[in-house]
Amino acid sequence: MKNENRFQITSSQLRVGITTKGGQVFSVKNCAGHEFLWQPNPAIWDESAPFLFPYVGKSLGDQVYFHNRAFSMPVHGFSGGLPWECADISENRAVFRLCDNESTRTYYPFSFKLQTTYHAVENTLIICREICNSGTEQMPFTMGEHIGLRTNLRPDARFDQHCIRFEKAEASARICTTQELFLKEKVKMEWEEKGKLALRKSFFAQVPVLILEAPRSSWVELDAGETSGRVRVNFGKIPYLLFWSPPGEGDFVCVEPCWGTSSWAEETMDGYRRRGVILLAPGETYRYVVQMTFIGADADTSRHQGE
């Protein structure tokens, strides 16, 4: 993005880079310089951790209808590709904002203000999202995180030596069977052990996106074994939890706590009736918090730090 500006906040254990492109975090390093986030690569995935708004995933016909009028809607909405304003910054805290404008109203005819506050505290990055309806009519939307975590928690570890550990065992999931991102039937999770999903490129070649509906867990961890560090993503109670990784190159996995998903093949194109949609009254603000705790890797192999 032209005129992209980058900022940094720090804690005693983290160095966090944030860009005005999408107002997103693009780097989290520990004191040893170990990078935890995927670094954008146009040939594989040109993002790190975008915020998805106003609709998660792909819309039927790449369109959403509001009041019987069709609007084009990019995959995952538009907030991740637009320039945000850095409204405030200190040593360990930064505030980024995006308000509706002429460009956004060509996709989404509503007045809104998005605000993200990043706060680095010891080995944790706290992300607070605020979605404000600044208009005079009810505002429909879905939203979500798309956090790209590098699978490099040990210097010698391959992608398939990592796993996702869940707070609680999850029973079943839905899959997206094609790159069109439309949902299909439920499938049983395959557990190596209770509360653990092994990461395999062969799995993501067959299942482009894995979706848990109403997950029991309030957090998950990326782990690479007893002697490695781990990354915990804490999201609380959410309606959907998605996982994605490119089937070929790209040693990373995306953890995606979401309030919405891609359209279903049989779903309406009405933006007010989208699965998982939130209807926000004029003047109201919707808030949620996601925390990422970075434990270990090269500088620290303790499995209990910060708990």
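Mentor: The protein chain has 1 helix and 24 strands; helices (H or I, at least four residues) and strands (E, at least two) are DSSP runs, numbered from the N terminus. This is a predicted model, in which local features need pLDDT of at least 70, side-chain atom pairs count only at pLDDT 80 or more, and totals for chains, interfaces and linings use all residues. Residues are numbered from 1 along each chain as its sequence is written, and side-chain values use heavy atoms, with hydrogens and water left out.

Trainee: What percentage of the 307 residues in the protein chain is buried?

Mentor: Buried residues account for 55% of the 307. The term buried means under 20% relative accessible area, exposed over 50%, and partly exposed in between (1.4 Å probe, protein chains only).

Trainee: Which way do the side chains of a strand point?

Mentor: In a regular strand, side chains alternate between the two faces of the sheet. In β21, Y240, L242 and W244 point one way, while L241 and F243 point the other way, and all are buried.

Trainee: Which strands are joined to β21 by bridges?

Mentor: Two strands pair if DSSP finds at least two bridges between them. Strand β18 (residues 209–213) runs antiparallel to β21, with 5 bridges joining them; here L210 has F243 as its bridge partner. Another 5 bridges join β21 to strand β22 (residues 252–259), also antiparallel, and in β22 the bridge partner of F243 is V255.
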